[in-house]
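Here are my notes on this model, as numbered points. Please read them with the structure open.

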Amino acid sequence: MTIAELDVAILLTGETGTGKGALAKAIHKNSARKYKPFIHLNCANLPEALAESELFGAVRGAHSNAYTDIKGKIAAAKGGTLFLDEIGVLPITIQAKLLQFLEDGCYYPLGSTVAVESDVRIITATNINFREAIRNGTFREDLYYRLSIYPIEIPALRQRKDDIPALIQYFMGKY
């Protein structure tokens, strides 16, 4: 059995540029969810004020940009995979809501009192040191354990030189 066949949360760690995003896509494409959406959300690009709305959605009027109901990334990934890149910088308040979703499979769009169920596989990636982040209070320990059911440390390319010929062939074919 491969990791793609296991329907569990996966945490990809490693230096910037090690291919965490490419691995997340490969896991999705080789899973039972391959015909459903693969949604990529870079948490580092999220302004804190809009992070909750981006992830969970919002009902009309919940904030100044919610002229209509806004579909969040969890809803967009329904049945598929949600890849949360740079999860280590997700605001602590949003971490609590993500933890609740991972525990219950339900979430509340911003401004709503009605829970929404969603079947989504979560793959996360980061280059932060979780022990340090947990100690500093910037990352929730309970969320870390929920996200790291299957952790994968990706070594830097300088440590896996045997991959270079395959990467050269891939990029030559692509470009």
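**Notes on pockets, cores and ring pairs**

1. The largest pocket holds about 440 Å³ of space. The model is a predicted one. The lining of this pocket counts 14 residues. Nearest its centre are Gly19, Ala22, Leu167, Tyr170 and Phe171. Two elements give two or more residues each to this lining: helix H1 (20-29) and helix H7 (164-174). By class, the lining divides into seven nonpolar, four polar and three charged residues.

2. The second largest pocket has a volume of about 250 Å³. Its lining has 14 residues. Asp7, Ala9, Leu102, Val120 and Ile122 lie nearest the centre of this pocket. Helix H4 (92-104) and strand S6 (121-126) are the elements that give two or more residues to the lining. Seven of the lining residues are nonpolar, two are polar and five are charged.

3. Val120 deserves a separate look. The residue sits in the loop between strand S5 (116-117) and S6. Is Val120 buried or exposed? Its relative accessible area is 13%, so Val120 counts as buried, the limit being under 20%. Leaving aside residues up to four places away in sequence, Val120 touches Arg33, Ile74, Ala77, Lys78, Gly80, Thr81, Leu82 and Phe101. Val120 also lines the second largest pocket, among the residues nearest its centre. Ile154 is 34 residues from Val120 in sequence, and the C-alpha to C-alpha distance is 23 Å.

4. Next, the nonpolar cores. The largest has 26 residues. Leu55, Leu82, Leu84, Ile87 and Leu98 have the most contacts inside it. At least two residues of this core come from each of strand S2 (38-42), helix H2 (48-56), strand S3 (81-85), H4, helix H5 (130-136) and helix H6 (141-147). H4 gives the largest share, four residues.

5. Which residues does Ile87 touch, beyond those up to four places away in sequence? They are Cys43, Leu98, Thr124, Ala125, Thr126, Phe130, Phe139 and Leu147. A second, separate core has 11 residues, including Ile3, Ala4, Leu12 and Ala24.

6. H2 has these buried residues: Ala51, Glu52, Ser53, Leu55 and Phe56. Leu55 is also one of the residues with the most contacts inside the largest core. The buried residues of H2 pack against S2, helix H3 (73-76), S3, H4 and strand S4 (106-107). Just after H2 comes Gly57, with a positive phi of about 85°.

7. Now the rings. A pair of aromatic rings is described by the distance of the centres and the angle of the planes. The count of aromatic pairs is six. How are the rings of Phe38 and Phe83 arranged, stacked or tilted? Their centres are 6.1 Å apart and their planes at 25°, so the pair is stacked. Planes under 30 degrees apart count as stacked. Phe38 belongs to strand S2 and Phe83 to strand S3, so the pair ties together parts 45 residues apart in sequence. Phe38 is partly exposed, at 21% relative accessible area. Phe83 is buried, at 0% relative accessibility.

8. Phe130 and Tyr144 form another pair. Their ring centres lie 4.8 Å apart, with the planes at 45°, so this pair is tilted. Phe130 is in helix H5 and Tyr144 in helix H6, so parts 14 residues apart in sequence are tied together. Phe130 counts as buried, at 7% relative accessibility. Tyr144 is partly exposed, with a relative accessible area of 23%. Ring pairs also link Phe130, Phe139, Tyr144 and Tyr145 into a cluster.

9. Last, a surface position. Where does Ala32 lie? Ala32 is in the loop between H1 and S2. Its relative accessibility is 81%, so Ala32 counts as exposed, the limit being over 50%. From Ala32 to Ala115 the C-alpha to C-alpha distance is 26 Å, and the two are 83 residues apart in sequence.

Key: Residues numbered from 1 in each chain as written. Predicted model: local features only at pLDDT ≥ 70, side-chain atom pairs only at ≥ 80, totals over all residues. Heavy atoms only, no water. 1 Å grid on protein atoms, 1.4 Å probe; cavity = no way out; pocket = protein on both sides within 12 Å on 5 of 7 lines; lining within 4 Å. Points joined across faces, edges and corners; volume = space filled by probe spheres on them. Nonpolar A, V, L, I, M, F, W, Y, C, P; charged D, E, K, R; others polar. Core = buried A, V, L, I, M, F, W, Y, C linked by side-chain atoms within 4.5 Å. Buried < 20%, exposed > 50% of the residue type's maximum accessible area, 1.4 Å probe, protein only. Contact = heavy atoms within 4.5 Å. Phe/Tyr/Trp six-rings, centres within 6.5 Å; stacked < 30°, edge-to-face > 60°.
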